[in-house]
Amino acid sequence: MMRLFVALAPPPELRATLAGMALGLPGARWVAADNLHLTLCFIGEVSPAEAEDLDGALSALRAPAVEVRLGGIGTFGQGRRVHALWVGAARTPALVHLQKAVERAVTRAGFTPERRKFTPHVTLARLRGADRGRLEGFIGGHNDRPFPAFTAEAVTLYRSHLTHDGAHYEPLADYPLEGGPLESGGVA
Ligand code: 2AM
């Protein structure tokens, strides 16, 4: 079985910038630069044959490239149970449209995607028992920080490998968006 999800990959320079924020928070498990992504649709465990179907459905995706603007720091979880630290993405109509188009393609292929509310974000770290003051300091220090906007010219199908050192995300295929220069790939 393969654990799959569809996401946008920020350009390498921006991922390096985001990974460079990995300081000053004991208890944080920072996401490595290569693994940073903005999830559009979490699919979960599928068989290799199902992954082929998914590849077909995503190859048929027709949606325009979108401009993505990151900014603002947020968390998931309440109080002591804060478990994720992230940088948000502007919830623009174009991004919401793309997310819905991906979800429709995945659903048409016969999958039931995770139905949590779309909160566009790039997870920077997983937290366990992070110090409240340090966390607030981190948020205060980065909340107003500007990041260069980027145009997402493709969506990427990722495979999540869960290891003892945390999750590692392997890009399997890129599906070009309209107006972008990338060629379509297939599931390896
Ligand atoms: P997160 O960044 O907010 O943790 C791979 O696991 C990606 O899919 C992560 O970015 C994760 O979001 C997202 N995701 C969405 N729903 C998930 C689920 N039910 N289980 C694991 N990851 C999920």
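The buried residues of helix H3 pack against S1, S3, H2, S4, S6 and S9. This is a predicted model.

**Helix H3**

- H3 has 16 residues. From first C-alpha to last, H3 reaches 22 Å, close to the 22 Å expected at 1.5 Å a residue.
- The buried residues of H3 are Leu95, Val96, Leu98, Gln99, Ala101, Val102, Glu103, Ala105 and Val106.
- Threonine 92 sits in the loop between strand S6 (84-89) and H3. Threonine 92 is buried, at a relative accessible area of 14%.
- Leaving aside residues up to four places away in sequence, threonine 92 touches Glu67 and Arg69.

- In soluble globular proteins, nonpolar side chains tend to be buried together.
- What does valine 155 touch, not counting residues up to four places away in sequence? Its contacts are Val6, Ala7, Leu8, Leu40, Leu61, Leu98, Val102, Ala173, Asp174, Tyr175 and Leu177.

**Helix H2**

- Helix H2 has 12 residues, which should span 16 Å at 1.5 Å a residue. The end C-alpha atoms of H2 are 16 Å apart, in agreement with that span.
- Ala51, Leu54, Asp55, Ala57 and Leu58 are the buried residues of H2.
- Seen down the axis of H2, the buried residues fall within an arc of 165°, so they line one face of the helix.
- An α-helix has 3.6 residues a turn, so residues three or four places apart point the same way.
- The buried residues of H2 pack against S1, S3, H3, strand S9 (154-163) and strand S10 (166-176).

**Proline 64**

- Proline 64 is placed in the loop between helix H2 (48-59) and strand S4 (66-68).
- Is proline 64 buried, partly exposed or exposed? Proline 64 is partly exposed, with a relative accessible area of 41%.
- Proline 64 touches His97, Leu177 and Glu178, with residues up to four places away in sequence not counted.
- Proline 64 and alanine 154 are 90 residues apart in sequence. Their C-alpha atoms are 9.2 Å apart in space.

**Strand pairing**

- S1 and S9 run antiparallel and are joined by four bridges. Phenylalanine 5 stands opposite tyrosine 158 in S9.
- S9 also pairs with S10 in the antiparallel sense, over 10 bridges. Threonine 156 stands opposite aspartate 174 in S10.
- Two residues form the hairpin that joins S9 to S10.
- In a regular strand the side chains alternate between the two faces of the sheet.

**Salt bridges**

- How many salt bridges does the model hold? The count comes to four.
- Side chains of opposite charge can pair when their charged atoms come close.
- Glutamate 45 and arginine 3 meet through their side chains in a salt bridge, at 3.9 Å, N to O. This pair links distant parts of the chain, 42 residues apart. Glutamate 45 is in strand S3 (residues 38-46), and arginine 3 is in strand S1 (residues 2-8).
- Both partners of that pair are partly exposed: glutamate 45 has a relative accessible area of 44%, and arginine 3 has 27%.
- Glutamate 67 and arginine 69 form a salt bridge at 3.3 Å, N to O. Glutamate 67 is partly exposed, at 42% relative accessibility. Arginine 69 is also partly exposed, at 41%.
- Glutamate 103 forms a salt bridge with arginine 115, with the closest N and O atoms 3.2 Å apart. This pair links distant parts of the chain, 12 residues apart. Glutamate 103 is in helix H3, while arginine 115 is in the loop between H3 and strand S7 (121-127).
- Are glutamate 103 and arginine 115 buried or exposed? Glutamate 103 is buried, at 11% relative accessibility, whereas arginine 115 is exposed, at 66%.

Note on methods:
Residues numbered from 1 in each chain as written. Predicted model: local features only at pLDDT ≥ 70, side-chain atom pairs only at ≥ 80, totals over all residues. Heavy atoms only, no water. Contact = heavy atoms within 4.5 Å. Buried < 20%, exposed > 50% of the residue type's maximum accessible area, 1.4 Å probe, protein only. Expected span 1.5 Å × (residues − 1). Arc of directions from axis to C-beta. Pairing = 2+ DSSP bridges.
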